[in-house]
Amino acid sequence: MKVLVAGATGALGKELVPRLIAAGHEVFAMIRSESNKARAAQLGAVPVIADALDRAQVEAAVRQAAPEVIVNQLTAIGHVDTRHFDRSFAATNRLRIEGTDNLLAAARATGVRRFVAQSNGAFTYTRTGGPVKTEQDPLDRAPIGQMAPMIAAIEHLENAVLGAAWTEGIVLRYGAFYGPGTSMAPGSEQLEMIRKRKFPVVGDGGGVWSFVHIADAAEATVAAVENGGRGIYNIVDDDPAPVAEWLPELAAMLGAKKPMRVPRFIGRLAAGQAGVVLMTELRGASNAKAKRELGWHPTHPTWRQGFRVVP
């Protein structure tokens with residue numbers, strides 16, 4: 001099939017494009033500028049230039065590629081400052097709203113039959129009820145102020161993609177990425193903070209995280225491109241775990257001392273209210289549907305195994 005990937009040079013895109021090509025697909029990479037042409041070509045994709053926030057440019061790029069499938073991996077996430085969580089996600093929120101709308105408009109105009117979009121299943125589920133959520137559970141209906149814009153952007157993206165009756169809309173709620181090119185890659189700031197004992201467990205550390213290795217996320221995306229049906233899929237590993245469990249284990253793997261523990265009010269001062277939520281209130285996600293309907297099984301079924309290859 002002809003597949004257009006928006007966000008092809010990001011952490012996930014760099015894992016996804018070669019896999020799509022190896023599976024026999026003709027891949028087009030929507031890039032923002034001429035300077036990224038070489039990077040797209042190195043991945044094996046045909047570059048098409050468009051600013052995702054410019055609807056006319058996006059439609060021209062999609063018409064040029066004439067894809068059967070569009071994969072929306074548009075993000076602009078750099079270092080996440082939990083004290084200013086809303087600022088850290090502002091550019092990505094805009095891409096998830098305006099960029100998604102522009103891609104969908106172009107897809108409709110050109111008759112794209114399947115539309116796969118990146119969503120977030122790591123930090124977005126309702127913070128009430130059991131520790132592990134399925135795709136049937138709602139996103140956070142009462143997010144804290146700093147996280148509200150991110151949740152709203154995710155909801156916009158999901159509603160737009162699933163509401164597009166003229167195409168097969170697929171939403172992939174990825175867990176927290178780790179591995180090459182991510183914020184949990186060798187030498188990354190986050191791992192160095194853990195190594196230097198500057199990443200404490202806040203409160204009871206009861207926030208449940210669902211992880212996914214970036215390579216497994218790419219494999220799941222290929223499965224969605226080829227086999228997905230309309231709907232939402234959690235793309236996470238088999239082992240959701242509270243911070244109080246995974247953080248000390250990761251520290252040990254890094255050869256670091258056991259993380260310090262600080263009360264919630266200290267955590268709020270250091271990491272903001274969003275940091276406290278991430279540490280104490282998150283809910284994990286189940287991958288049962290993705291396994292059942294996409295035929296996908298993570299190569300790194302648990303972060304316990306996967307983290308060992310990161311340091």
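**Cores and a helix pair**

Modeller: In this predicted model, the largest nonpolar core has 36 residues, and F123, M147, W209, F211 and W246 touch the most other members.

Colleague: Which elements give two or more residues to this core?

Modeller: They are α6, β8 (176-178), α7 (189-195), β9 (201-202), α9 (243-253) and α10 (264-280).

Colleague: What is W246 in contact with, leaving aside its neighbours within four places in sequence?

Modeller: W246 meets M184, W209, F211, A241, W303 and F307. Of these contacts, W209 and F211 are also among the core residues that touch the most other members.

Colleague: And what lies apart from this core?

Modeller: Another core lies apart from it, with 33 residues, including V3, V5, L172 and A224. As a general background, nonpolar side chains tend to be buried together in soluble globular proteins.

Colleague: Let us change topic to helices. How do the axes of α5 and α6 cross?

Modeller: Helix α5 covers residues 90-110 and helix α6 covers residues 148-162; their axes come within 8 Å and cross at roughly 15°. Angles under 35 degrees count as roughly parallel, so α5 is roughly parallel to α6.

Colleague: Is the crossing left-handed or right-handed?

Modeller: The crossing in which α5 passes α6 is left-handed.

Colleague: Which residues meet there?

Modeller: From α5 there are N93, R96, I97, T100, D101 and L104. Their partners in α6 are P149, M150, A153, I154, H156, L157, A160 and V161. By type, the residues of this contact are 9 nonpolar, 3 polar and 2 charged.

Colleague: Take T100 from that list. Is T100 buried or exposed?

Modeller: T100, which is found in helix α5, has a relative accessible area of 0%, so it is buried. Not counting residues up to four places away in sequence, T100 touches N72, L95, F115, L157 and V161. Of these, L157 and V161 belong to the α6 side of the helix contact.

Colleague: What does E155 touch, not counting residues up to four places away in sequence?

Modeller: E155 touches L139 and R141.

Colleague: One last point: what separates E155 and A223?

Modeller: Along the chain they are 68 residues apart, and the C-alpha atoms of E155 and A223 are separated by 23 Å.

Notes:
Residues numbered from 1 in each chain as written. Predicted model: local features only at pLDDT ≥ 70, side-chain atom pairs only at ≥ 80, totals over all residues. Heavy atoms only, no water. Axes fitted to C-alpha atoms, helices over the stretch in contact; angles between N-to-C directions. Helix = DSSP H or I, 4+ residues; strand = E, 2+ residues; numbered from the N terminus. Parallel < 35°, antiparallel > 145°, perpendicular 65-115°, else oblique. Left-handed = near helix turned anticlockwise from the far one by under 90°. Contact = heavy atoms within 4.5 Å. Nonpolar A, V, L, I, M, F, W, Y, C, P; charged D, E, K, R; others polar. Core = buried A, V, L, I, M, F, W, Y, C linked by side-chain atoms within 4.5 Å. Buried < 20%, exposed > 50% of the residue type's maximum accessible area, 1.4 Å probe, protein only.
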